[in-house]
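The following paragraphs lead the reader through a single protein chain, from individual residues to the overall fold. The sequence and the model are shown first.

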Amino acid sequence: MIYPLCDHLSSSTWTLWKMQNLDSLQMFKVDLRRQQISQIVEEVQRVVHHLTTEISLQDLRFQAVPYSDTYNGNIKVLAPCQFLVTVPVKGLVGYREAREQRWRYYTLRGTRLPCPLQDPEGLRQWLEAEQFMKSQWQWHEADVNIEGDIVPAKVLQVFRKLVENAIGTCHLSGKVSMLTQLSAVWVAMETSTCQVELELVPTVEIPTVWPEKARWPPCLKRWPSRQRVECIKSFGFALLACSNYHWQQSFLQAEQVLLDQLDEDGGCRRKCFQALRQMKEDVWCPGKRPVITSHHLQTVLFWTCEKYPHPKEWQVFSKAFLRLVRKLHKCVSQHFLKHYFVRKSNLLQHASSGELDTVAQKLALFLKNPQIGLP
């Protein structure tokens, strides 16, 4: 349903009226979404716990993803049908930043290159077994290690076979299937309401250490507070195995702390984020694997909170929501969204230009004439 423009209302009054309706209608849909996602997450984590428990029995380097009655930090909802599942690894303790730079000439097949491999950029980094004070001997084996490096592509090869075997061993073949056309480890899972896709990512959790690449905050900012910054950094980071040679830095736990404590001053930041996510999923960028995910929206929210740190700037939903939409439109139009912690990394660098342009057009239409579309 689209609400028609009333001639007797001024432009500003009409926009406010529409945003008030957007507020109430979208919050109803947000509540409905929360219920549906909660049910799906419940089913997903039961299956993931079952699979990873079996995997941990077959290979001691991998841990089972724990089952949780509340929030599960290992399962990230990127879209209603797309989930990121981080699977912790074991046997790597006492991480230290690498101090010496060296050239790598190896390939995944064991041959030598005439020129060195490209150094990692943005969120990516090498990972050497010697960067840990304690490392199980299995991490030095040739199935995952080349010339001292723990190579993510090799880890994924081992992990993929373990997942395939676990699906059969756990008698889940009718419910879970491998998606083989992808280099990462993806599975499709049938839930009671829909089919969802899960990316299962071996993850090195590094608590209490904040990486040198994450030079955050670069200077004194009003948001978040200095005390909050120190708290967030204390959660450390993680390294995800999701490329060939380089591990990817991840800050899921730190980001969740920021989200959980958004509105301690009584503002509407969380409400705006939920409405933005709902409009993205329903109107601007729907689909099973959307080019814009909840993580992108979350990053837009963090940047906007930093730019507008005062509580008074988050009291009126209509103004705050449109501010978020304008920021999202700018980032999507420019194909550029800086990671909030590692600011030299562009989260849209590898996104489809055509899909981004389509989303930008929809956002531009909305900003020109904010309307409520109920699919």
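His171 is exposed, because its relative accessible area is 72% and the threshold for that class is over 50%. In this predicted model, His171 belongs to the loop that runs between α2 (152-169) and β8 (176-179). The backbone at His171 adopts a positive phi of about 55 degrees, although the residue is not a glycine. Most residues other than glycine have a negative phi.

Thr208 is a further residue with a positive phi, here of about 70 degrees, and it is not a glycine either. Thr208 is placed in the loop between β10 and α3. With a relative accessibility of 63%, Thr208 counts as exposed.

The loop that holds Thr208 also contains Pro217, lying between β10 (195-206) and α3 (226-233). The peptide bond joining Trp216 and Pro217 is cis, with omega at about -10 degrees. Pro224 is found in the loop between β10 and α3 as well. A cis peptide bond joins Trp223 to Pro224, and its omega is about -15 degrees. In general, most peptide bonds are trans.

Asp69 counts as exposed, since its relative accessibility is 73%. Along the chain, Asp69 and Pro120 are 51 residues apart, and their C-alpha atoms are separated by 38 Å.

Another aspartate is found within a helix: Asp357 is part of α8. How exposed is Asp357? The residue has 34% relative accessibility and therefore counts as partly exposed, the class that lies between under 20% for buried and over 50% for exposed. Asp357 is 22 residues from His335 in sequence, and the distance between their C-alpha atoms is 8.4 Å.

The helix that carries Asp357 also takes part in a helix pair. Helix α7 (residues 317-334) packs with helix α8 (residues 353-368) at an angle of about 150 degrees, and the two axes are 9 Å apart. Because an angle over 145 degrees counts as roughly antiparallel, α7 is described as roughly antiparallel to α8. The crossing of the two helices, α7 and α8, is left-handed.

Which residues make the contact between α7 and α8? From α7 come Phe321, Leu322, Val325, Arg326, Leu328, His329, Val332 and Ser333. From α8 come Leu356, Val359, Ala360, Leu363, Ala364, Phe366 and Leu367. Sorted by class, the contact of α7 with α8 comprises 12 nonpolar, two polar and one charged residues.

These elements can finally be set within the whole protein. The secondary structure of the protein comprises eight helices and 12 strands. For its 375 residues, the globule rule gives a radius of gyration of 21 Å, and the value for the protein, 22 Å, is close to this, so the protein is as compact as a globular protein of that length. The C-alpha trace spans about 75 × 50 × 40 Å along the principal axes.

Two further values describe the protein as a whole. Of its 375 residues, 52% count as buried. Among contacts between residues at least 6 apart in sequence, 69% join residues that are at least 24 apart.

How values were computed:
Residues are numbered from 1 along each chain as its sequence is written. This is a predicted model: local features need pLDDT of at least 70, side-chain atom pairs count only at pLDDT 80 or more; totals for chains, interfaces and linings use all residues. Side-chain values use heavy atoms; hydrogens and water are left out. Axes are lines fitted to C-alpha atoms, for helices over the stretch in contact, and angles run from 0 to 180 degrees between N-to-C directions. Helices (H or I, at least four residues) and strands (E, at least two) are DSSP runs, numbered from the N terminus. Angles under 35 degrees count as roughly parallel, over 145 as roughly antiparallel, 65 to 115 as roughly perpendicular and the rest as oblique. A crossing is left-handed if the near helix is turned anticlockwise from the far one by less than a right angle, and right-handed if clockwise. Contact means heavy atoms within 4.5 Å. Ala, Val, Leu, Ile, Met, Phe, Trp, Tyr, Cys and Pro count as nonpolar, Asp, Glu, Lys and Arg as charged, and the others, Gly among them, as polar. The radius of gyration is taken over C-alpha atoms; the globule rule is 2.2 Å times the number of residues to the power 0.38. Buried means under 20% relative accessible area, exposed over 50%, partly exposed in between (1.4 Å probe, protein chains only).
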